[in-house]
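Q: Hi! Could you walk me through this one? I'd like to start with how the chains meet.

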Amino acid sequence: MAPHDLRRPFKRPAISDQQRRRDLSLLRQKQNRLDAQRRARCLASSVLSFQSEPKSPSQEQSHFELELELEIEPDAEEHQGPATTYDVRQASKLRGTEARRWFAKQLMLPEWMIDVPPNLNTDWYVFARPAGKRCFVVSSNGTTVSRLRNGILLHRFPSALPNGARINNVSRSGQSYCILDCIFHEPDQTYYVIDMVCWAGFSLYECTAEFRFFWLNSKLVEVGACDTPSTFHKYRFATVPVYNCDQEGLQTAYIGPVPYVKDGLLFYNKHAHYQTGNTPLALVWKDENCSEYVIDTDSKGQVPNQQQLVLELQDDGRLATSDDPSVIFGWLNEDFIQKTGLHAGNLLRFAVNDGGLSFVDGKLEKADLQYLGQSNRARAFADSYSKVMFQYIVRHSPLKIEHLFASIGPLGDGDIASHDVEMAA
Amino acid sequence: MAMEVTQVLLNAQSVDSTVRKHAEESLRQFQEQNLSVFLLSLSGELAGEDKPVDSRKLAGLILKNALDAKEQHRKYELVQKWLALDVGVKTQIKTCLLQILSSPVPDARSTASQVIAKIAAIELPQKQWPELIGSLLSNIHQVPAHVKQATLETLGYLCEEVSPDVVDQDQVNKILTAVVQGMSANEGNNDVRLAATRALYNALGFAQANFSNDMERDYIMRVVCEATLSPDVKIRQAAFECLVSISSTYYEKLAPYIQDIFNITAKAVREDEEPVALQAIELWSSICDEEIDILEEYGGDFTADSDVPCYYFIKQALPALVPMLLETLLKQEEDQDLDEGAWNLAMAGGTCLGLVARTVGDDIVPLVMPFIEENITKSEWRQREAATYAFGSILEGPSPDKLTSIVNVALNFMLTALTNDPNSHVKDTTAWTLGRIFEFLHGSTVETPIITPGNCPQIIRVLLQSMNDAPNVAEKACGALYFLAQGYEDIGSASPITPYFQEIVKSLLSVTDKEDAGESRLRTAAYETLNEVVRCSTDETAAMVLQLVPIIMTKLHQTLEAEKLSSDEREKQNELQGLLCGCLQVITQKLGASEPTQYAFMQFADQIMNLFLRVFACRSATVHEEAMLAIGAVAHATGPDFAKYMPELYKYLEMGLQNFEEYQVCAVTVGVVGDICRALEDTVLPYCDGIMTQLLKDLSSNQLHRSVKPPIFSCFGDIALAIGENFEKYLMYAMPMLQSAAELSAHTSGADDEMIEYTNLLRNGILEAYSGIFQGFKNSPKTQLLIPYAPHILQFLDSIYMEKDMDDVVMKTAIGVLGDLADTLGSNAGSLIQLSLSCKEFLNECLSSDDHLIKESAEWAKMAISRAISV
C-alpha cells in the first residue's frame with residue numbers, strides 16, 4: 001500500500017503515432033473487407049447470361065444484313081463458346097453487334113392479352129403504358145446509357161442514378177450500377193420507369209414484381225432521379241402509377257389522367273420475376289380509348305387493309321413466331337425460297353388473306369398468308385404469337401374493356417367462387 | 001528438506017549466481033514435488049521468530065507467488081492448486097499466518113498480511129474462511145499497537161484483493177468501523193493511524209452503503225479531513241489519497257463537503273510538502289475528470305439524463321481555483337524538461353489547469369489572460385514560461401470564437417519567442433504551445449483559419465529552424481509540425497504545405513540523423529511527424545513521397561548491417577527498425593491508395609519485402625510488429641503479385657499468430673492475414689491449413705488477450721471469402737467455435753459498459769465470419785453444407801436483436817448476414833427465414849435507420865430475402 005503514482009501525461013499528445021498507425025491500418029483493413037463483401041454481394045447476383053446461339057451460315061448472313069447500317073465487326077468471340085456471361089459493367093464495354101444483341105435479350109417482353117387471365121383482380125397489377133420508345137437505361141462508371149429494344153443506343157447522358165454521373169465526393173464503389181426498364185416519352189423528354197432490374201449493384205431479377213415496384217417507387221425518388229433536369233442530370237425520370245387490378249384500379253388506369261400520352265394498359269403478375277424475353281406473366285392490352293396505335297400501321301402510318309405480320313424463316317422452310325417454343329404459321333416451299341434467294345433466319349412480312357386464321361381447340365390450325373417481302377432491316381425479332389393474335393382479334397372480335405371489368409366482377413365475387421370450389425371438393 | 005529451508009532461502013538471495021540458481025532450482029523442485037509440505041515449510045519459516053529476517057521475508061514472498069500471478073492463465077492454475085490442497089494443511093497455514101501478525105518483526109507482519117489477503121482473495125469467493133474477518137477484528141481494541149497496525153494493514157490488503165460483493169454488509173460495517181476509528185485523531189499511535197488511513201483507501205470501494213447514509217458519510221469525511229491535518233506527512237498524504245479516491249468514487253456525494261475540501265486543498269497546495277501538495281492538486285484534477293465524463297455523456301444536451309448529475313464544482317470553485325493553480329506554475333524545477341520521470345507542482349498545476357479549461361470552456365479565459373499578459377514579457381524565465389504554459393494549457397476546451405482573436409495576437413509573439421528566447425525551458429513550452437494551437441485551432445473544422453497564406457511560410461520557417469535547437473525543443477517543434485500537417489488532412493489539392501514539402505522532409509530526415517536525436521525521443525518525434533506529413537500530402541507531392549521509399553529503405557538496410565550488438569544496442573536497433581518500418585508502412589499505405597502511385601510503388605516491392613524479412617530474421621522468437629503492419633500495406637498495394645513472397649513470409653506469419661504474450665503482434669498478424677487473403681484470393685489456399693490451425697489454436701487459448709479473438713473470427717470470413725468452397729474442410733472446426741462464441745455473446749444481461757463493448761466486438765467478428773463463409777460458398781454446389789447451420793445463425797440474429805444492446809456496427813453486419821444467408825441458401829432457407837424475427841422487425845428497423853451503411857446492408861438483405869422466398 002505504497003503511495004499511488006499520480007503522474008499524468010505531460011506535454012504529450014493524447015494518442016501516439018504508433019497507435020495511429022495501428023488504427024489507420026485497421027481502418028484500411030475494415031474498408032477493404034467492406035469492399036470485398038460488397039463486391040461479393042453484387043457480383044454473382046447480377047451476372048446476366050448472354051446466350052450466343054449455335055451458328056449456321058444462314059444466321060451469319062441474317063446478322064450481316066441486320067447490322068448493315070452500322071459498323072460491321074467480326075464476332076470472333078462468339079465462335080468460342082456457346083454461352084458467354086457478362087455482368088453489366090462488362091456488357092457496357094461491348095460495342096456494335098454484340099452490344100445490341102446483348103441488350104436486346106435483356107428486356108422482359110409482355111405478351112399481348114388475347115384472353116383474360118384468371119385471378120386478374122387478385123394477382124395482377126395494371127398501369128397505363130406511356131407512349132414512346134421502350135428502352136433499357138444502364139447507369140455505371142459515372143455515365144448513363146439508354147438502348148432501344150433492338151440494342152441501338154438512344155442517349156448517353158449524366159443522371160442522378162447511382163453511378164450515373166461523374167460527380168466528385170460521391171463514394172459509390174465501381175460495382176454500383178443500375179438497370180432500369182423504361183419508356184422514353186418524347187413530348188416531355190422523360191424516362192418513365194416501368195420496371196427495375198438492378199439497383200446500386202443489387203440484382204432484382206429474381207424478385208417478384210410486387211417487390212420490384214415497391215423498390216422502384218422508394219428508390220427512384222430517394223436519389224433525386226425524379227428531379228428536374230440539371231447539369232449532372234440531363235433527363236428526368238418518372239414512375240408510373242401502378243394499381244391493383246380491381247374494379248377501381250382498372251378504371252383509374254383506363255380513364256384516369258396521367259401526365260403522359262397513354263399507349264394501352266400493361267398488366268403485371270405480382271408474383272412473377274423479371275424474366276427476359278416473352279412472358280405471359282406480363283400482358284399488354286389496347287383499345288382506341290387508351291391508345292392511338294391499336295391496329296398496326298405501315299411505314300406511312302396508314303392502317304393497311306389486311307393485317308400484316310412478320311415471321312422468321314427456318315431451316316426447313318417453316319415460318320415461325322418469335323416465341324420460345326415458336327408457333328408455326330405455315331411454310332415456304334423450297335422452289336420459292338431458292339427463287340427469292342431467302343435464307344433461314346430472314347424475317348419475312350406477310351399479309352393475312354381473307355381466309356384468315358382458323359383454330360381447332362384453341363390452337364392455330366391454318367393461316368391464309370400472302371408473302372409481301374423481307375421486313376425492315378432494323379427489326380430484331382419476328383412477331384410473337386400473341387401479337388399476331390391480338391391484331392387478328394382487334395380486327396374481328398376485339399377483347400373489350402367491358403370483358404376485363406366483367407372478369408373482375410363486383411367485389412366479393414372471387415370469394416364466392418373459391419367458396420364454391422371448396423364445397424364441391 | 002524442511003530443515004534446510006532457511007539455508008536454501010538465504011542461498012536464493014546470494015550474490016553468487018551459481019549458488020543462487022542452484023537454490024532457486026531446489027525451491028522449484030520442492031514446490032513441484034510436494035506443494036503441501038512446501039507451503040507449510042514456507043509459512044513455518046515466515047513464522048519462525050528465531051529465523052533471519054531475510055529468509056522469513058523471502059519465504060513469505062514465495063508463498064505469495066504460489067497463490068497469485070499476473071498472467072491470467074497461471075493465476076487460475078495456482079488458485080486451483082490451492083483449493084485442491086488438504087483442508088488440514090490449509091488451516092494450519094492460515095492459523096500460522098494469523099499468528100505472525102503479532103510478531104515483533106515489522107517485515108514478518110507486513111509479509112504475512114499480504115499473504116493472508118491473497119488467500120482471502122481465493123477463499124472468500126468460494127465461501128471459505130468465513131471466520132477470517134471476525135477473527136481479525138475480534139480483539140482489535142485490546143491488542144498492542146503493533147498488532148493493531150498489522151491487523152489494519154491486513155484489512156487494507158484484503159480490501160485491495162477481494163471484490164466487494166463477496167463480503168457481507170455486516171462485515172463491511174465492522175471493517176469500516178475499525179478502520180475509521182484507527183485513523184481518527186484519538187488514535188495516539190501514528191503507525192496505527194497511517195495503516196488505518198491506507199486501509200481506508202482500499203476499503204472505500206466497499207463503502208457504497210455507508211456513503212449513502214448521511215451520518216456515516218459525515219463521520220468518515222470528518223475523520224479523513226482531520227487526517228489531512230495530521231502532523232505526520234505520511235498520514236496527510238494518505239488522507240489526501242483517500243480524498244482523491246472519494247472525489248471520483250463518490251462524486252455525487254461531495255456537495256456538502258466541497259467548501260471544506262477546497263479550503264484544505266488550497267492550504268496544502270500553498271503550504272504543505274510537495275507529496276501532499278501534489279495529491280491536493282490531483283484531487284481537483286480527478287473532479288475535472290468526473291465532470292468532463294458527465295458533461296460528455298450529456299453530449300451537449302443538458303436536458304438529457306445522465307446517471308450522475310453534474311454539480312459544476314469546478315465552475316463554482318473557478319475564481320479561487322484558477323489563481324491557486326496559476327501560482328503553482330511559477331514553481332518549476334530547473335531542467336524538468338530533460339527528466340522523463342519528473343513530476344512536480346508546476347507540472348501538476350498546469351495539467352490541472354488544462355483539465356479545468358476542458359471542464360468549463362470559455363469561462364476560464366478571462367481568469368487566465370491577466371496572468372499571461374502580466375508575466376509573458378518578464379525578464380525572469382520562470383514568469384515567461386509559466387505564462388506560456390498557462391496559455392498552452394487553456395487551448396483545449398474554450399470555443400475557437402473565444403480563442404481565435406487571442407491566438408492571432410499571440411502567434412507572432414510565440415514565433416519570436418521560439419526563435420529568440422534565451423531560455424530553453426521557455427522555448428520548449430513555446431513550441432509545445434504552438435503545437436496545441438495547431439492541434440485545437442487549425443484544421444478544416446475551424447471557421448476562421450489561424451494559419452493564412454501570409455503567416456504560413458514564417459511558421460514553417462521557424463519550426464524548421466527549431467529542429468536544430470536542443471533535443472527537447474526540437475521534439476516539441478516536430479510535434480507542432482505534426483499538427484500543422486494534420487490540419488491540412490482534408491484540404492484536397494493545393495495544400496499550403498505542398499511548396500514546403502521537400503524542405504520539411506529534408507529537415508526531418510536530417511533531424512533523425514542527429515547525434516543527440518536519441519534524447520527526448522526526438523528521433524521518434526521526427527519520424528512520426530514525417531509520417532503525418534506523408535499521410536496528409538496531396539497528389540502534387542506523390543513523386544516526392546515515392547522518392548522517400550529508397551531513402552528509408554537504405555536506412556533500414558543500415559540497421560541490418562550492424563553486428564555483435566550489446567543488449568542495449570540491440571534494443572536501440574529494434575526501436576529504430578520499428579520507426580523505419582512504421583514510416584515505410586505509412587508511405588506504402590499512402591502510395592497504395594491510388595492506382596498510379598500504387599503502380600509506381602511496385603518497383604520497390606521486392607526490395608522492401610526483402611528488408612522486412614531480414615528484420616524478422618534479426619530476432620529469434622518474436623515478430624516485429626511494425627514490420628508486420630507494413631507487410632499488410634504491401635500486400636494491399638501489390639495484390640495478387642504478393643504470392644511470390646509467401647513461401648518465405650509464411651513462417652513469420654505463423655510466428656506472429658503464436659505470439660500470445662505480445663498480443664498486439666498477434667492482432668496485427670491476424671489483420672495482415674486478412675490483407676493477404678484479399679490480395680491473393682484463392683492462391684492463398686496452400687497456406688490456409690497452417691493459418692487455420694494457428695487461428696483455431698489461438699481461439700482455444702486462455703492465454704491470448706481477449707481483444708484478439710474478434711479479429712480472428714473476422715479473419716475466418718476473409719479466408720472463406722478468398723478460398724470459397726475450399727473452406728469446406730474447415731467448417732467442422734470453425735462452425736462449432738463460432739456457434740459457441742455466438743451463444744456466449746448472445747446475452748449481456750448484467751454486464752458493464754466495457755463488457756457490452758467487448759461483446760459487440762465479438763458479435764461483429766462472428767458475424768463477419770458468417771458473412772464471409774456464406775459469400776464464399778455462393779453459387780457453389782456445396783452450398784447445402786451450410787444449411788444445417790442456418791437455424792442456429794438465424795436464432796443468433798434473433799437473440800441479439802431481442803437483447804437490444806448491439807451497436808451500429810453489429811447491426812450493419814448482422815443484417816448483412818441475414819442477406820448473405822438468404823442469398824446463398826436461397827429457397828432452401830426461405831421458410832426458415834420467414835419464421836425468424838430478424839426478417840421482419842429487425843429488418844424493418846434497419847431499413848429505416850439513419851446510418852446509410854446499415855440501410856444499405858438492410859436493402860441488400862431485403863432483396864436477397866425477397867428472392868429466396870419468392871422462388
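A: Happy to. Chain A and chain B bury about 5,500 Å² between them, and 52% of that is on carbon and sulfur atoms. Keep in mind that this is a predicted model.

Q: Okay, and how many residues of chain A and of chain B are in contact?
A: On the chain A side there are 42 residues, and they are in contact with 81 residues of chain B.

Q: How many salt bridges are there between chain A and chain B?
A: The count is 13 salt bridges. One you can look up is A:Lys219 with B:Glu859, whose side chains meet at 2.1 Å, N to O. For polar contacts across the interface of chain A and chain B, the rule finds 23 residue pairs, both residues at pLDDT 80 or more.

Q: Which parts of chain A supply the side that touches chain B?
A: At least two residues each come from α1 (17–43), β10 (202–203) and α6 (209–222) of chain A. The largest share is from α1(A), with 18 residues. By class, that side of chain A has 16 nonpolar, 11 polar and 15 charged residues.

Q: Switching topic: which residues touch the most other members in the largest nonpolar core?
A: That core has 312 residues, and the ones touching the most other members are B:Trp284, B:Phe438, B:Phe612, B:Phe642, B:Leu649, B:Phe716 and B:Phe727. Helix α16 of chain B, residues 274–298, gives the most to this core, with 13 residues.

Q: What is B:Phe642 in contact with, leaving aside neighbours within four places in sequence?
A: Its partners are B:Met609, B:Ile631, B:Val634, B:Ala635, B:Leu649, B:Ile676 and B:Leu680.

Q: One more spot, then. Where does B:Ser184 lie?
A: You'll find B:Ser184 in the loop between α10 (169–183) and α11 (190–203) of chain B.

Q: Is B:Ser184 buried or exposed, and why?
A: B:Ser184 counts as buried because its relative accessible area is 8%, and the cut-off for buried is under 20%.

Q: What is B:Ser184 in contact with, leaving aside neighbours within four places in sequence?
A: B:Arg193 and B:Val223. There is also B:Gln181, whose backbone oxygen lies 3.1 Å from a polar atom of the B:Ser184 side chain. And B:Arg222, 38 residues apart from B:Ser184 along the chain, has its C-alpha atom 9.0 Å from that of B:Ser184.

How values were computed:
Residues are numbered from 1 along each chain as its sequence is written. Chains are lettered from A and ligands numbered from 1 in the order in which they are written. This is a predicted model: local features need pLDDT of at least 70, side-chain atom pairs count only at pLDDT 80 or more; totals for chains, interfaces and linings use all residues. Side-chain values use heavy atoms; hydrogens and water are left out. Contact means heavy atoms within 4.5 Å. Buried area is the accessible area (1.4 Å probe) that two parts lose on being put together, summed over both. A salt bridge is a side-chain nitrogen of Lys or Arg within 4 Å of a carboxyl oxygen of Asp or Glu. A polar contact is a pair of N or O atoms within 3.5 Å; within protein, one must be able to donate a hydrogen and the other to accept it, and residues adjacent in sequence count only if both atoms are side-chain atoms. Helices (H or I, at least four residues) and strands (E, at least two) are DSSP runs, numbered from the N terminus. Ala, Val, Leu, Ile, Met, Phe, Trp, Tyr, Cys and Pro count as nonpolar, Asp, Glu, Lys and Arg as charged, and the others, Gly among them, as polar. A nonpolar core is a set of buried Ala, Val, Leu, Ile, Met, Phe, Trp, Tyr and Cys residues joined through side-chain atoms within 4.5 Å. Buried means under 20% relative accessible area, exposed over 50%, partly exposed in between (1.4 Å probe, protein chains only).
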